Amino acid sequence: MKKLVSLALACALCLGLTACGGKDPGNIGDVSSAAPSAAPSAEATGAQELTFVLSNEPDGIDPTVTNNSFAQYILANCFEGLVTYDATGSIVGGAAETWDISDDGLVYTFHLRDGLKWSDGSDLTAEDFVYSLQRVLTPATTAQYVSMVTGYVKNAQEFYDGTATADELGVKAVDAQTLEITLIQPTSFFIDLVSMWCYDPVQKATIEANGDRWTAAADTYICNGPFKMTQLKMGEGYVLEKNENYWDAANVSLEKLTFRFILDSATALTAYESGEVDGIRSIPTADYARLKAAGAGIQTVPNYGTVYYNINCAKTPYDNVLVRKALNLAIDRQALIDNVVQLNATPAYSFLAPGYSVGGMDITKGRETFDLSATANVEAAQKALADAGYPGGEGFPTLRLSYYSDDTVKKVVEAMAEMLKNNLGIDVEISSNDWAIYYESVQSGNYEVGAMGWSADYLNPMSFLPLFKTGDSTNTAFYSNPDYDKLVDKVMTTTDPDAAAELTLQADALASKEYCCLPLYYKTNDFLMKDYVSGYYMTASGNLYFKDAKVSK
């Protein structure tokens, strides 16, 4: 899902839910995100079986349909798209061994591996990818990620609308092992989009035979990843076993991977500490400090997302950059992290989260702080407000601080209101509403400063940059700068990763220096895993891969 989140949900994501280094085979450069957090792979000993607890049951496990992040654990291990991620976080070939990009950046040609098979042993060919993308583009499928195809692939929107034929769609099987995808325009981050599960293959035969029910039983859940479904118990969990027909099965150690659903995190923790299970996805907040001190197996992975507050840049006096700067300087981010939300998080000084790298280095490494710091700079905040025409807060209208109703968010808002009052000498009025009503007000611009957040769908800065582009539907801060817009347009069409990274940083600096929003902190994914399990890895998007996992008991 395009993960637009309230602060409350963002807090939950940090604790419970939820893109690369190395030369990729597409010859577009060394593009990487924050490396996953996992112990180096040890020698496999004993029974190669692992049980991992999930805190929520997905609403569906059809990769061409769902956008539910709870499904990603099953999809990442049962399916493999044209490209995937390795243990260093590098985007590498999956079903495609290599790929080529035309000089004009419009045509991607994927060369599939020899001898690809479905989990039932039948051949998997380029036609399967054509079928799967056509299924995404069929309205009756109700694919939740359809825009990730229609927005980029030639004639995809027209095919969806019924005004273009399959022959006109920019997805072709050149032969059994060659897939060609033609884009509407050059798109620097298209290879990142291809890693999303809406580009995964699904088997035509099983869907035609079973309809939507193909995901309801283990024997019809035909897949192509390192594991296959052997038991599917709604409300209880899934049992996966090694897929002997996977192209790299010889290097898969786990014979059995069980995902159990335990919705109560305290109950899950009890199962973990008693040795009943090997890992759990959600860590109870109250136990985090104890578990960390005890070295109980907390794993921390950067989450490609940011918690921030929107500032309505189109409304007086917030259309004044000095006012927005004063608000940013007046907030003690570290105090919010340590004393209010009590999360494992990093203070944020920009809307663009760290986690995306080029040439093996995070592009945000060494980025300036835009005069912000972890703690409030009261003197500088007061000077900025005075320079804006409101010395000591005199004459400044009552600030309306709004948020989505939630107990945790309420605590954050109350703390922020106190900081703004004490540090700037202004009056603050707090208001809240249910999410649907609140977000409708934000979209319509009927707010001043409001809780917001963003988690990227795909591992590229372009998931963030449109948030502050003039006229974009996600730009609910109503920030507008023609120079920023031009930079974002250039990033979209630049195929060289180094050039795109430089343009991204220029856009980030431009908007951040004008304080387009009020960033609070960058999120992390935390989970528990026993120390006898190694080789697993999680990407910054929350995908947890067990292909290389080993048990050493």
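This is a predicted model: local features need pLDDT of at least 70, side-chain atom pairs count only at pLDDT 80 or more; totals for chains, interfaces and linings use all residues.
Visitor: Why does Y390 count as buried?
Guide: Y390 has a relative accessibility of 17%, and a residue is called buried when its relative accessible area is under 20%, exposed when that area is over 50%, and partly exposed in between, with a 1.4 Å probe and protein chains only. The value for Y390 lies under the limit, so Y390 counts as buried.

Visitor: How many aromatic pairs does a search of the whole structure find, and what makes the pair of F189 and Y458 stacked?
Guide: The search finds 27 aromatic pairs. F189 and Y458 have their ring centres 5.4 Å apart and an angle of 10° between the planes; rings of Phe, Tyr and Trp (its six-membered ring) pair if their centres lie within 6.5 Å, and planes under 30 degrees apart count as stacked, those over 60 as edge-to-face and the rest as tilted. F189 and Y458 are both buried.

Visitor: Why is the pair of Y390 and F396 edge-to-face?
Guide: The ring centres of Y390 and F396 are 5.0 Å apart and their planes stand at 85°, which is why this pair is edge-to-face.

Visitor: How do you know that the charged end of R113 sits over the ring of W247?
Guide: The charged end of R113 is 3.6 Å from the centre of the W247 ring, and a charge sits over a ring if NZ of Lys or CZ of Arg is within 6 Å of the ring centre and within 35 degrees of the ring normal. K530 likewise has its charged end over the ring of Y272, at 4.1 Å from the centre.

Visitor: What makes a set of residues a nonpolar core, and which residues have the most contacts inside the largest one?
Guide: A nonpolar core is a set of buried Ala, Val, Leu, Ile, Met, Phe, Trp, Tyr and Cys residues joined through side-chain atoms within 4.5 Å. The largest has 170 residues, and F110, Y309 and F546 have the most contacts inside it. Helix α13 (residues 407–424) gives the most to this core, with nine residues. A second, separate core of 13 residues includes V53, I283, I298 and L528.

Visitor: Why is K486 called exposed?
Guide: K486, found in helix α15, has 53% relative accessibility and so counts as exposed.

Visitor: How many residues of strand β21 are buried?
Guide: In strand β21 (residues 517–529), 13 of its 13 residues are buried. Strand β14 (residues 298–311) runs antiparallel to β21 and is joined to it by ten bridges, and two strands pair if DSSP finds at least two bridges between them.

Notes. Residues are numbered from 1 along each chain as its sequence is written. Side-chain values use heavy atoms; hydrogens and water are left out. Helices (H or I, at least four residues) and strands (E, at least two) are DSSP runs, numbered from the N terminus.
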